[in-house]
Structures are given as structure tokens and as C-alpha cells.
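Hi everyone, thanks for making time. Let me put the structure up, and then we'll walk through it together.

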Amino acid sequence: MSLTFSLAHLMGGIILLCAFLQLSQRRLAAMVTLYQLEALVLAAAAFWQGYAQHEINLYLTGLITFALKAMLLPWGLREIVQRFNMVRAVETALPMAAAMILGLALIGIAVLVVLPVTMHAISLTREDLAIALSVVLLGLLLMIVRRNALAQIIGFLSMENGLVLAAIGMPGMPFVAEFSVALLVLLAFLVVGVFLLRIREHFDTLDISGLEDIERRGR
Amino acid sequence: MNFAALAIALPFLAASLLGLAGTPRQGAVANAAACAVLLVLTLAVFWGHGAGLVAADPLGALFGVLTGFIGFTASLVNIGYVSADAARMPTQRWRLYHALFQIVLGASLLGLYADNIGLLWAAMEGGTIAMTLGVSLYRTKRGLEAAWKYFILGGVGIGLALFGTMLVYLAAQPALGAGFAAMSFAALSAHAAQMDGALLTLAFLFILFGYGTKAALVPLHGWLPDAYAEGPAPLTTALSGPLINVALLAILRFRHLLEANPVAMRPGPFLLSLGLASLFLAAFSFSRRRDARRFFGFSSIEQSGISAFAFGIGGPAAIFGGLLHMVLHTLLKSGLFLALIRAASLRGPASPGNYTFSHLRGLLRANKYVAWLLAGCIFALTGLPPSGLFVSEFIIISQTIQRNPYMSLPLGLGLLLCAVAILRNIGPLLFAPAAHEKPKPAGRGMWLVAAHLVLVFLLAFATPGPLVHLLSRAAEALQ
Amino acid sequence: MLGFAFAFIATVLHIVLCFVGAPLVTGIINKLRAWALGRRGPPLLQPYLHLARLLRKITLVPDTATDLFTFWPLGAFLALAVATMLIPGFTTGMLTADAGDYVTIIGLFALARSATMLGGLETGFGFGGAGAAREALFGIFAEGALLVLLLAFALLAQTTSVDGIATAFRTAHIGISVSLGFALAAMLAVALTETGRIPTDNPSGHLELGMVHEAMVLEYSGRLLALLDYGGMLRLLAWMNLIGTIFLPFGMAQATEIFSWPGGLALWAGKLLVMAVALSIFEVSRAKMRVFRVPEFLGAALLLGMLAGVFLFVAARIGA
Amino acid sequence: MGNSIGLMFGLPGQGMHLHLDALSLLFVCILLPQTVAAALAGMRGSFTFWLFVLGMALALLAGDAFTLIFGFELMSAASWLLVMQGDARPATLYAGVAIFSGACLIPALFLPVSSLAFVLIALGAGAKAGLAPLHSWLPRAHPAPPAGVSALMSGGMVKVALYVLIRYAFVNLAPAAQPWWGVALVAAGALSVLIGALRAVLEVELKTVLACSTVEHVGLITVGLGLALYAKATGDAALSGLALQAALLCAVAHGLFKPLLFIGAGEVKHATGTTSLNWLGGLMRGMPRLGALMLLGAACMAALPLGPGFAPAFLLFHAAIGAAATGGILARIGFSGLLAVLGIGGALALAAAVRLIGLGFLGRPRSLHAAAAEDLRRGPYLAMALLGVLCTPVALVPGLILELLNPVIMLLAPQADAPPLSYAPLTLLLLAGLAALAAGFVQTRWGTRGLREVAAWNGGFGRPPAWLPFGDPHTQASATGFAEPVMRLLGKGLLGTTLADPAERFLLLPLFRLQTRLIRLAERVRRATIRERLAFVFAVLVAFLLALGLGQGG
């Protein structure tokens with residue numbers, strides 16, 4: 001149990017670190033790389049949990065995560081970055097330092113909230129849950145502090161990673177949830193791809209300040 | 001026979017067929033036929049509610065019938081809409097449109113009938129994605145913008161809801177152990193007292209934020225007005241009511257787990273604050289709206305806030321009021337949008353952008369039946385008698401006073417402001433002097449709107465005994 | 001039975017005396033005023049001659065007036081006549097005592113005033129309208145003051161009928177109090193306004209712009225003017241009676257005791273004469289006010305009336 | 001007389017309950033003639049009108065809170081629609097006030113018997129009845145719809161609101177009654193009297209004048225109710241009886257003459273196309289029947305002796321004097337102030353009535369339309385005649401009517417014991433008849449008969465030129481001019497130079513500004529970008545999480 005615990009904890013820590021570092025990146029390519037790393041570790045975590053819990057489901061989850069999130073999505077995202085020529089830095093809405101301080105505060109909140117309420121749960125779940133919540137919150141924060149549509153999507157995907165991390169920590173959670181997660185990611189990718197193309201068609205940029213048309217003319 | 005599963009399967013089946021073949025008009029007719037069958041099936045669910053993952057309880061079955069009915073009426077009006085608007089989009093996209101129509105229905109029914117919190121979540125997700133695609137269907141600049149908003153905000157909401165769902169599952173571990181049992185509503189309700197209260201509270205928070213996004217409670221409402229305004233009207237407006245209901249029912253059911261758990265925090269304050277925020281934001285957002293569909297989007301936010309408020313008050317009577325309010329409002333709002341579509345088509349194509357109040361004003365000259373029906377629907381939204389909403393709002397207010405008197409003040413004030421803001425628009429809509437125009441025929445669908453209005457009236461004031469029984473049983477079970 | 005008969009006779013006597021004597025009172029006042037100004041003045045019976053002359057004249061109706069033109073003087077006259085019948089003169093306990101509530105009397109005066117105002121508006125020319133507007137303005141303050149005064153009387157006498165007030169003031173030991181002094185001052189101010197005397201209006205003035213009462217009756221002639229003029233005389237007498245009854249109730253007769261009548265009658269005549277003298281001296285010694293000063297005058301009366309009520313309370317407290 | 005009926009229609013599972021007792025019967029009786037009159041006056045074909053009547057009837061006959069609110073709000077909603085069809089501008093304000101009163105009443109019906117419940121009832125019913133300072137909608141909204149509806153709104157709807165006030169203040173909340181309830185009502189009523197009467201003198205539109213006069217009469221009724229409530233709480237039997245008599249009789253009288261006047265105003269509008277007193281004049285010539293009926297109504301409005309309006313005013317003055325005789329120095333000063341206000345209000349009402357008749361119906365026409373007006377149509381004539389005939393018993397035998405009101409008074413204040421009425425209109429009539437006989441005798445004995453029509457003397461000014469058939473309209477007093485002295489001395493002091501109602505200036509305007517500010521805030525929220533919206537969600541989520549964490553930690 002000790003090894004299970006420490007390995008899972010380590011992987012969770014890496015994922016959290018990736019999510020946190022994404023906040024500090026100005027360039028999309030670096031964010032995608034971090035995301036890929038995050039997904040890879042997540043897949044590994046899923047395999048490890050599957051091994052530890054003897055759950056065949058979790059191997060499947062790990063496989064899906066590896067194939068879709070660690071391979072297909074980053075590839076697609078890089079394609080988009082290339083095609084739209086977005087290698088340069090994206091605009092941030094908040095100073096980097098402030099964003100990172102906020103991120104730290106969020107992690108603090110997540111720990112503050114989760115640890116007392118999971119007194120009765122198994123300790124593995126407990127740690128995992130705190131990390132997962134932190135990742136979810138950091139993903140949200142990333143969506144808020146970046147003005148670029150693609151960066152928002154990366155934040156969104158990072159958030160999903162947090163969810164999956166939580167899901168694989170749940171002992172014996174039926175297949176439904178993981179399946180849904182995969183489905184969501186797949187569909188999200190489709191939708192996002194379509195969207196980005198269309199947004200490009202209409203707005204010539206992926207800076208979403210172009211997407212604030214309705215608001216300006218108070219309709 | 002498991003009619004519930006059948007009723008869920010049918011729309012998805014129909015969606016795959018409609019998505020592949022047919023001209024727009026054929027698609028619309030086939031869509032209507034599928035909806036008619038669906039209505040019958042949803043009725044049949046009362047006699048075959050299924051078991052296992054898909055097991056409709058009476059409340060779900062009731063809202064299922066509502067969904068079926070609204071789908072049916074919307075599909076009928078949709079025929080006219082498609083015929084008039086067929087040239088605006090390529091055939092391919094009309095097929096997608098009809099497929100989305102069915103998927104939204106199917107997802108709503110799945111959310112209502114599923115006795116599994118995971119399936120419920122999946123249904124919400126499916127509904128979200130279908131709606132997102134629906135909103136962007138016209139591919140206008142604003143449509144895209146609205147769809148993007150829908151996608152981002154809805155996606156975040158869905159994510160939070162999933163997190164909450166997982167936490168509920170975790171909280172149920174001490175009582176139910178691993179496996180499907182810990183995800184079934186029936187089992188969860190039965191063992192709510194033994195669940196991990198603290199974790200359950202945390203879970204509820206995420207559930208509230210997740211499904212609250214779908215129910216468009218302030219501050220999670222950002223997607224709704226634009227989505228209403230920019231998509232094809234029958235899909236994004238008339239059919240959004242059932243999806244909102246699914247979300248509200250989900251919140252209600254999870255709320256019950258908290259109430260039944262001795263350790264968990266009371267969910268009341270969370271629901272009350274979101275409900276009141278919705279009410280007040282809507283009240284002050286009404287007055288500067290130029291687009292009617294956006295306007296009624298805010299009205300949906302308001303009504304959802306009222307229901308959430310009722311759930312926050314708690315107690316069987318208030319929940320009864322909240323449920324009744326949902327039933328009545330869904331019927332009314334869909335009727336309103338059907339009338340609105342017809343009203344807009346009296347003045348040209350019923351596509352987005354043609355729903356501004358300045359475009360519709362002086363409707364009495366175009367067609368008095370349409371004008372009066374539309375005005376009747378709008379009026380009924382305010383909850384003044386003889387509107388049916390009066391009854392549900394009365395119940396909610398009276399319960400508020402008995403259980404939490406100080407909350408009745410902001411509730412009353414919010415309702416007052418909303419009602420006044422809504423009423424303000426009726427005058428110009430009906431009587432404003434418009435340019436000379438020939439009266440046009442009302443169109444065939446108007447009796448449907450009238451049927452909606454009459455139903456709202458009858459269900460409220462002469463509520464059939466079985467319905468009262470059903471709702472009060474459900475309210476007692478979920479108090 | 002005998003009491004009733006006496007009361008009946010007393011009532012009839014009061015009514016007849018008032019109706020017959022009203023022009024005489026006006027004549028006396030006119031004479032006194034002239035004397036005070038050092039003139040000879042018209043004969044005492046001049047008002048009778050004036051009325052008789054008017055009665056014999058043809059009555060002219062302006063072509064712009066409506067059919068109700070003849071109705072207003074009659075209405076004003078009737079209201080004033082009834083008020084005169086209700087206010088006791090030389091005796092208390094008349095048959096009309098029960099109907100003679102102070103509020104009713106105020107109402108009757110208001111009725112007369114409104115009929116006159118409508119008569120002024122009837123022809124639709126500027127003077128009538130201006131007169132009516134001013135009259136309406138004066139009435140507003142006068143009525144408030146009268147009601148407030150009633151409070152003071154009602155508190156002292158425990159009744160609101162004029163007859164009752166007179167009886168109470170005569171029999172009970174009220175004494176001379178500050179509040180009654182205030183009340184008297186207020187009452188006099190209202191009475192001067194209501195009867196159209198200096199300083200609020202000039203009964204003998206004929207400068208159109210300054211007129212109030214006369215402006216309203218400008219278009220009337222013949223028997224209609226006679227009615228209006230006679231009504232004015234009745235009003236003056238009625239007000240003198242009212243003030244006399246409330247503030248100088250000593251020596252009033254009892255209707256059921258026939259032997260008290262002569263004294264009552266004599267004293268009544270004396271009181272009227274004293275009031276007439278006071279009025280004429282006051283009138284010649286004061287100038288007419290500007291129209292918009294009048295409400296201030298009446299507003300002061302209103303406040304005096306309120307003070308009377310309040311002081312009454314204070315006095316009662318101190319006395320107790 | 002306690003008859004209840006349950007209906008299978010209404011609140012789910014409970015239905016509605018109707019209940020009839022003396023009080024509801026009285027108000028139904030007040031409502032009935034004006035409904036018939038309004039129907040006769042041309043409203044019988046309107047569905048909304050009957051809905052309006054139904055709402056009022058339900059509110060009066062309500063046996064439970066749901067029925068009461070249902071009827072009340074139905075009445076508001078239907079009348080809102082009718083107002084909007086007439087004039088959309090005041091409709092929104094009207095709707096706001098109507099819903100406000102509903103929002104105050106619903107809590108009040110469910111709260112335990114307490115002063116708070118009374119305050120809410122007073123606010124709700126007062127707002128609907130047009131009680132100051134919540135009255136400023138009334139002069140805007142009541143004139144807007146067709147005359148029949150205006151009639152019913154002024155004569156009936158405000159009575160329904162007062163009925164609710166009476167029902168709760170005197171019956172349902174009686175155990176908790178406090179003297180200050182009455183004092184509060186008296187204060188509000190006195191304020192209404194003053195403002196209503198003053199504005200009635202200053203307004204130019206005929207229907208607005210009538211609406212302002214409604215505010216005044218509502219004030220009179222409320223003063224009566226307040227005095228009765230005060231007396232009931234302090235245990236003064238005579239005063240409570242007297243004040244209740246005054247209030248109820250005033251309600252009866254007002255329910256008869258105000259619809260009459262409003263229907264008449266509608267006919268004026270029909271015949272001349274305007275209701276502005278500045279464009280009317282001389283209508284008595286073209287419309288003698290209407291003029292006579294309006295004269296009757298105006299006499300009632302001014303509370304002149306021998307009219308139906310005098311007996312209630314008489315009783316009210318007596319009640320106010322009675323109240324001033326009790327209590328301490330503050331009560332004394334307050335109630336003598338009340339008397340002054342009542343007196344001034346009465347005289348202002350008189351001025352308003354004189355102005356209405358004198359400028360609208362007498363004198364010369366101020367426009368060709370007024371000159372060419374034709375007399376009453378059949379339906380309105382019947383309606384007005386009906387109301388006029390019903391006024392007669394109230395005017396001439398008020399004692400009898402008070403006898404009929406006795407069961408209601410017993411219901412409201414069981415210990416009430418009013419002294420007999422000392423106002424005897426029949427005696428006055430007899431005396432007036434005698435005086436008239438005498439005058440007639442003098443006239444026939446010594447006078448000259450006959451009238452001769454001549455050009456008006458007009459202080460010696462010349463005749464108008466031929467192209468002005470009725471002379472120059474500007475040479476006669478206008479409605480504004482007639483009101484000018486009052487305006488100068490009272491209007492400016494109380495209403496300010498703009499003549500805006502103080503309630504609008506101090507109550508509505510700040511509220512409106514606040515609303516605008518909040519709307520701007522809401523628009524700012526709505527204009528938020530996607531990021532900002534996410535940030536809202538995020539912030540609230542974090543706040544809730546923190547609340548949760550701290551709550552569970554503590």
C-alpha cells in the first residue's frame with residue numbers, strides 16, 4: 001500500500017505541477033507541451049491505479065487517455081498553432097505573477113476544503129481528490145487569464161484532466177463516468193476544431209476579443 | 001415493458017435517420033411524426049417505467065410527458081418554419097438540424113428517466129453539445145459567438161457537474177459500497193442518512209454549479225440569452241425548456257440527499273442566493289432588451305431562479321410549488337416561443353435578428369389572433385391572474401412566509417420588478433402605431449399556442465387530482 | 001304641549017324678525033359708517049327701498065348665460081335663509097334647535113357661497129370668474145378656521161349644536177378665558193371675510209378689479225339681484241346672530257318661558273346695535289387689504305382657532 | 001349571515017372558498033349599481049371589463065387568502081389591460097403599484113396577527129386605494145381607460161382595496177390592535193385629503209380632477225377608519241361608532257357619485273373630443289341633461305348640504321372633534337390639525353366642484369367642439385340617471401342608511417355605540433321650502449314677472465366681433481386662471497413651482513433613479529466578456545468553497 005500511495009501521490013503531484021506551470025507560460029506551444037506531459041502522467045496514473053485496484057476499466061481509461069489526450073489532441077493543437085501562425089506569445093489578462101499567486105491560493109483552498117471533509121475516506125482518495133480539485137480550479141483560472149481561444153481550450157482540457165484524475169481515484173466507480181469523459185473529450189475536440197476553423201473564417205484571429213460583438217451593442 | 005428505454009432510444013434512432021436523408025421539408029414532417037410517436041411513448045412510460053439504469057419515477061415520467069408534448073408542438077410549428085426558411089441553409093445542414101432536434105429531446109428524456117447519476121450527467125452533456133451545434137447552425141458571426149459562449153460556459157459547467165457526481169459517489173461509499181448501487185437515485189435517497197455528510201456538501205456545491213449552469217442560474221447564466229437569440233428558433237428556444245427542467249430536477253434530487261443527511265450543511269442558503277440573484281439580475285436586465293428572444297431568455301433565467309428559490313425554501317409545499325411552477329412555465333414558455341416565431345414570420349423570415357421589439361411592434365394590425373395570443377403568453381409570464389403561474393407563485397410566496405419570512409421581501413420585490421418590466425413591453429407590442437400593412441392569416445399552428453395557454457390555466461386552477469397527488473407525493477419524497 | 005306652542009311661536013317670531021329686520025341692520029350699519037366718516041348717510045330704510053325697486057324692475061338675462069342663470073341666486077338665498085332660521089337670535093330652545101348643528105350651518109354658508117360663485121361664472125366674462133376664484137380662495141381658509149373653532153366650542157360646551165353651545169355658555173360658568181378670546185378674534189376675522197366687509201372686501205366698492213363679492217353678481221339685475229342682495233343682508237344678520245349667541249349669550253330668553261322673551265328681545269337688539277357700531281367703526285378705521293393678503297389674515301385666524309383649542313386643554317389641566 | 005361556499009377550482013387540492021357576511025354584502029352592494037351603470041355606459045361588450053368585475057367580486061367574497069389575492073390581482077391585471085388600451089404611458093406605473101400592493105398583501109395574510117401584518121396590509125391596500133403617499137399613480141391611471149372603466153376603478157376598485165383594509169384591520173387583526181394603527185391611518189388619510197383636494201383644484205383635465213377627488217375621498221374614508229380604529233383600541237364606543245358610520249357612509253356615497261361623474265366625463269369626451277376644462281365651457285346649453293346630472297354629482301363631490309356627500313362629512317367632523325376631546329396634548333394638537341385639514345380639504349373640494357361645473361358647463365364655449373356638443377346618448381343617460389336616483393336616499397334619509405349599516409358596524413366594532421345623527425336634511429328641505437314660498441309670495445305680490453335676454457353687460461366692454469360667435473374665449477376665466485390664486489398661495493408651498501406631486505418628487509423619482517442605476521449595473525454584468533463571465537462563476541465558486549471550508553472547519 002505504501003508504494004501505491006507514494007507513486008500515485010507523485011504522479012498526482014506532477015500533474016498538479018504541470019497545471020500550475022501552464023499558468024506561467026506565455027507561448028501556446030509550451031502550454032501544449034505541458035498539457036501533453038500532464039496527459040501522459042495521467043495515463044500512467046490510470047494504469048497504476050488499475051494495477052493497484054485490479055480494475056480492468058482503469059486500464060481502458062489509461063489507454064484512452066494516452067491515445068486521445070496525450071497523442072491525438074496535442075498533435076491537433078500543434079497543427080492549429082502552426083496553421084494559424086500563433087507561435088508568438090499570447091496576451092494575458094492578468095500579470096503572470098498575480099496569476100501564479102492566485103493559483104497558489106486556489107491550491108490552498110482546495111486543500112482546505114477537501115482535507116477536512118474526506119476524513120473518513122481512504123487516504124489515497126483523499127490526496128487524489130485535493131490534487132484533482134486543484135487541477136480543476138487551475139484549469140478554470142487558466143481559461144480566465146488568457147485572451148486566446150486556443151489557450152482557453154487548453155485550460156478546459158487541463159480541467160478535464162483533473163476530472164479524470166479524480167475519477168480514477170474513485171474506488172470501483174462504474175465505467176459510465178470514464179466513458180463519458182472520453183466522449184466529452186472526443187466531442188469537444190470535434191466541436192472545437194470546427195469552431196476554430198469557423199472563428200478563423202469570420203474573425204481572422206483567434207483572439208476572442210473579436211468574439212465580444214453582441215455585448216458591445218447592448219441588444 | 002420498458003417504455004422508458006424505448007422513449008429514449010426512439011429520438012436517437014430518429015436522429016440518425018433524419019441526419020442522413022431527406023429534403024428539409026420531408027425532414028420536418030418526419031421529425032413531427034417521430035415526435036408524435038414519442039409523445040405516445042412518454043405517456044406510456046407511466047405504465048412501463050422500466051428498471052435498472054433507466055427507471056422512470058413518477059416525477060420523471062411527468063416531466064417526460066411534458067417534454068414529449070413540447071417536442072410535439074414544436075415539431076408541428078417547425079414544419080411551417082422550415083418551409084418558409086428552407087433556402088437559408090443547405091440541405092445538409094437542415095438534416096443536422098433535425099437530428100439535433102431529436103438528440104435534444106432524447107437527451108432530455110434520458111436525463112429524466114435515468115436512475116443513475118452518471119447517465120444523468122451524460123444526458124446533460126449530450127444535450128449541451130447538441131445545443132451548441134444548434135446555436136451555431138446559421139454560422140453567422142453572432143451565432144458563432146453565442147455558440148462559443150455556450151460551449152465554454154456549458155463545458156465548464158459539465159465538468160464541475162462531473163466532479164460533483166464523482167464526489168457524490170464517493171460520499172455514498174460508506175453506505176452503499178462500490179458499484180452501480182452508489183449511483184442510483186433510488187438507492188442514494190434511501191441511504192442518504194448514512195452517507196458522508198461533509199463530502200456530500202462539497203459534492204452538492206459542484207453539482208449546483210454544474211447543473212446550475214444548465215438551469216441558467218445567475219451567475220452561471222451567461223450563455224442563455226445569446227443562445228436563445230441566435231439559434232434556429234424552434235430548436236434553441238422551444239426545446240431548451242425541457243433541458244432546463246432536467247437540470248433543475250437534478251438539483252432538486254441532490255438537494256434532497258443533503259436534507260436527508262444529518263451531518264451535511266443545509267442547501268437552502270446556496271439555492272436561495274442563486275435564485276434571488278437570478279431574479280434580480282433578470283429584473284434589471286429586462287428593460288434594455290431590444291431582441292424579444294433575448295428578453296425571454298432573461299425571463300427563463302428569472303423563472304428558473306424562482307424554482308431554485310422554492311427548492312431552497314424547502315418543505316413539501318414549497319417544493320410542490322416549485323415543481324408546479326416548472327411544469328407551468330415550461331408549457332407557457334414553449335407556447336410563447338411558438339407564438340413568437342409565428343409573429344416574426346408575419347413580418348418576414350423568422351430568422352435570428354427578426355425578433356427585435358421594434359420589428360414586432362404594433363402586431364395587432366398584422367394579425368390580431370397572433371398578437372393577442374403572444375400578448376397573453378407574455379402576460380401570463382408575470383404571474384398575475386388569470387395566468388396559471390399565479391398559483392405556483394402564490395404557493396411559493398406563502399410557503400416562504402411561513403418558513404423563512406424575511407426571504408419573502410426580496411422575493412416579492414424581485415417578482416414585482418420582473419412583472420413590471422415584462423408588462424411594459426406588451427403595450428407597444430400590441431398597440432403601437434405601425435406602418436400600414438395588410439392583415440395576414442394567423443397560420444395553422446396558433447391553436448397549439450392556445451392549447452398551451454389553456455393547459456397552463458387548467459393545470460393551475462383546476463389541477464387534476466392525479467397530478468396533485470403525483471406532485472405532492474414527489475414533493476414529500478424530495479422535501 | 002304648552003312648551004311646544006311657545007317654542008313654535010318663538011321660532012316663528014325669530015324667523016319673522018330676522019327676515020323683516022335684516023335690511024334694517026344693513027341700513028343701520030350704513031348709517032353708522034356714514035356718521036363715522038362725518039357724512040349724513042342714507043336713510044335707515046334705504047335697503048328696503050332698494051329691494052322694492054329691484055323687485056319692480058325687469059330682470060335681464062345675458063345671452064351667453066345658460067338656463068341655470070336664475071337658479072343660482074335662488075339657491076344662495078335659500079341656503080342663507082335656512083341658516084338664518086337655524087341660528088338663534090333672542091332666544092334659545094327654538095324648534096329648529098335640533099337641526100341647527102354648527103357643521104350644518106357651515107355647510108349652508110358654503111352652499112350659498114358656491115351658488116354665488118357659480119352665478120359669477122355663469123355669463124363667462126372675466127370679472128365673474130375672477131371674483132369666483134377669489135371667493136374660492138377665501139373660502140378655503142375660512143372653512144378650516146371655522147372647523148377648528150368649533151373644536152374649542154365643542155370642548156367647552158360638550159355639544160356641537162349652536163343652540164346647545166349658547167345654552168352651555170349662558171348657564172355654565174365658563175368665565176372669560178384666553179382661549180375664548182382667541183376664538184373670538186378668529187371668528188371675527190372669518191365673519192368679516194364671509195360677509196364681504198372691509199378689510200377683505202368692500203361692500204360699497206365698485207372698482208371691478210378689486211371686487212370679490214360684487215364682481216360675481218355683476219350681471220344680475222332686477223329680482224335676481226334683489227334676491228342676492230337680500231341674501232347678503234341675511235348673511236350679515238346671521239353672522240351677527242352667531243357671534244352674539246356664542247360670545248354674548250347672557251340674557252338670552254328661553255323659548256318655553258314667555259316672560260323671558262321681552263328681556264331677550266331687548267338685549268338682542270342691544271347686542272346687534274353694539275356689534276353694528278363696532279363693525280362700522282372697525283370698517284372706517286381700516287383700509288381694504290390686497291387680495292393675496294387675505295389668506296394670510298385667515299391663516300392667522302386658523303392658527304388662533306387651533307391655539308384656542310390647545311389653550312383650552314392647558315387651562316383644563318391647570319384647573320384640574 | 002355567515003355563508004361559505006367552497007369551489008373545486010383554484011389552489012391545487014384546496015380550491016377556493018367564498019364567504020358572505022355583512023361587510024362583504026355592503027361592499028357588493030356598493031359595487032353593484034356602478035357595475036350596472038358602467039355596463040350601460042358602453043362596457044358590456046368588453047370581456048376584460050367583466051374579468052375586472054369578476055376580480056372585484058371575488059376579492060369581496062373571498063373566504064380564504066388565495067381567493068382574496070386571486071381576485072385582487074385579477075382586478076389589478078384586468079384594469080391594467082384596460083388602462084393600457086386607453087393610454088400606455090401610465091400603465092406601467094399602474095402595474096407596478098398594483099403588483100406592489102399584491103406583494104405587500106400576500107405576506108400580510110400569512111403573517112401571524114401582529115403590527116407588521118397591519119403595516120403590510122395598510123401599505124398594500126393603501127397603495128391600491130391611492131392613499132398618500134402612494135397615491136401619485138391614481139391621477140394618472142384612472143383617467144386613462146374608457147369612462148365606464150374609470151368609473152368602476154374610482155368607485156369600485158379603491159373600495160375593494162379599502163374593504164381589504166377594513167376586513168383585516170378591524171376583523172382579522174383585531175386581537176393585536178394598537179391605537180397607533182388608527183393614528184397612522186388618520187395621518188395618511190389627512191395627507192390624501194389635502195393633496196387630493198388641492199390637486200383637484202389645480203388640474204385641468206376633467207377626468208384627472210375627478211381622479212384627484214377620488215384621492216381626497218379615499219383620504220376621508222381612511223380618516224374615518226383610522227379614527228374608528230383608534231377609538232376601538234382605546235375603548236371609546238361612541239367615537240368608534242361615529243367614525244365607522246362616517247367612513248362607511250362616505251364609501252357608499254362615493255361609490256354612487258364618482259361613477260356618475262366619470263361616466264359624465266366620458267360623455268363630455270364623446271361629445272366634444274376633449275376633457276380639458278380649458279377647451280370646454282357652456283356645455284349646459286347643448287347638454288342640459290348631462291349638465292344637470294353632473295351638477296348633482298359635483299354637489300356630492302363638494303359635500304354640500306342636502307347632497308349625499310354631506311352626511312358623511314358631517315359625521316366625520318364630529319368624529320374628529322370627538323377624538324380631539326380624548327387623549328393628551330399631542331393628540332389634541334394633532335386632531336385639531338386634522339380638523340383644519342378636513343376643513344381646508346372640504347373647501348378645496350368645493351372649489352374644485354365649482355370650477356368643474358362653472359368652467360365646464362357654464363359660461364361661454366371655449367371651442368367650437370364645446371359649442372356644438374350634443375346631449376347624452378341613451379346608455380350613459382340611463383346609467384347616470386340610475387346612479388343619480390340612487391343618490392337620493394343617501395342624500396335625504398341618511399339616518400335610514402345608517403340603520404342599514406348597523407350590522408356592518410356591529411361586525412367591525414361590536415361595542416360601538418354611535419349617537420343619533422343630528423343632521424336632518426328633510427327639516428332643512430322643509431325650511432328651504434318655506435323660504436321659497438315666502439320669496440315666491442313676495443315676488444308675485446310686489447314683483448315684476450318675466451325675463452329679457454340681452455347682451456351681457458360685462459362691465460361695459462363692447463360686444464365681440466361677428467366672427468367670434470361666442471366672443472373671444474380668452475376673455476373668460478380659464479381653468480388654469482381660476483386655480484391661479486389657490487396655486488399661488490397653497491400650490492407652490494405644497495407642490496413646489498413645478499407642481500409635481502410631492503409623492504412623485506420624493507418617492508417615485510429617487511426610486512426611478514435607483515432603478516436606472518441598477519439597470520446600468522445589470523447591463524455592465526451582461527456586457528461581460530466570456531472571460532469575465534467565467535471569472536464570475538469562478539469567483540462565486542471559490543467564495544462558496546471558502547464558505548464551506550470555513551463553515552466546516554468552524
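Let's start with helix α20 of chain B, residues 465-477: it has 13 residues and reaches 18 Å from its first C-alpha to its last, close to the 18 Å expected at 1.5 Å a residue. That expected span is 1.5 Å times one less than the number of residues. Before I go on, a word on what you are looking at: this is a predicted model, in which local features need pLDDT of at least 70 and side-chain atom pairs count only at pLDDT 80 or more, while totals for chains, interfaces and linings use all residues. Residues are numbered from 1 along each chain as its sequence is written, and chains are lettered from A and ligands numbered from 1 in the order in which they are written. Helices (H or I, at least four residues) and strands (E, at least two) are DSSP runs, numbered from the N terminus.

Back to α20(B). Which of its residues are buried? They are L471(B), A474(B) and A475(B). Buried means 20 or more other C-beta atoms within 10 Å of the residue's own, exposed means 12 or fewer, and partly exposed is in between, with C-beta atoms placed from the backbone. Those three cover an arc of only 100° around the axis, so they sit on the same side of α20(B); the arc is that of the directions from the helix axis to the C-beta atoms. G465(B) and P466(B), on the other side of α20(B), are exposed. What do the buried residues of α20(B) pack against? Their partners are α3 (58-85) and α14 (316-346) of chain B, where a contact means C-beta atoms, placed from the backbone, within 7 Å.

Zooming out, chain B has 20 helices and zero strands. Of its 479 residues, 72% count as buried. Among contacts in chain B between residues at least 6 apart in sequence, 81% join residues at least 24 apart.

One more residue here: G118(B), found in helix α5 (residues 117-135) of chain B. Why does G118(B) count as buried? Because G118(B) has 24 C-beta neighbours inside 10 Å.

Now the chains together. Four pairs of chains touch, and the most contacts are between chains C and D. Chains B and C share no contact, and their closest C-alpha atoms lie 40 Å apart. Chains A and C do not touch either, with their nearest C-alpha atoms 54 Å apart.

Chains D and B do meet: the contact takes 45 residues from chain D and 48 residues from chain B. α21(D) gives the most to the side of chain D that touches chain B, with twelve residues. By class, that side has 34 nonpolar, seven polar and four charged residues. Here Ala, Val, Leu, Ile, Met, Phe, Trp, Tyr, Cys and Pro count as nonpolar, Asp, Glu, Lys and Arg as charged, and the others, Gly among them, as polar.

Last stop, V82(C). Not counting residues up to four places away in sequence, V82(C) touches L108(C), L428(D), L431(D), A432(D) and A435(D).

How values were computed:
Two residues are in contact if their C-beta atoms, placed from the backbone, lie within 7 Å.
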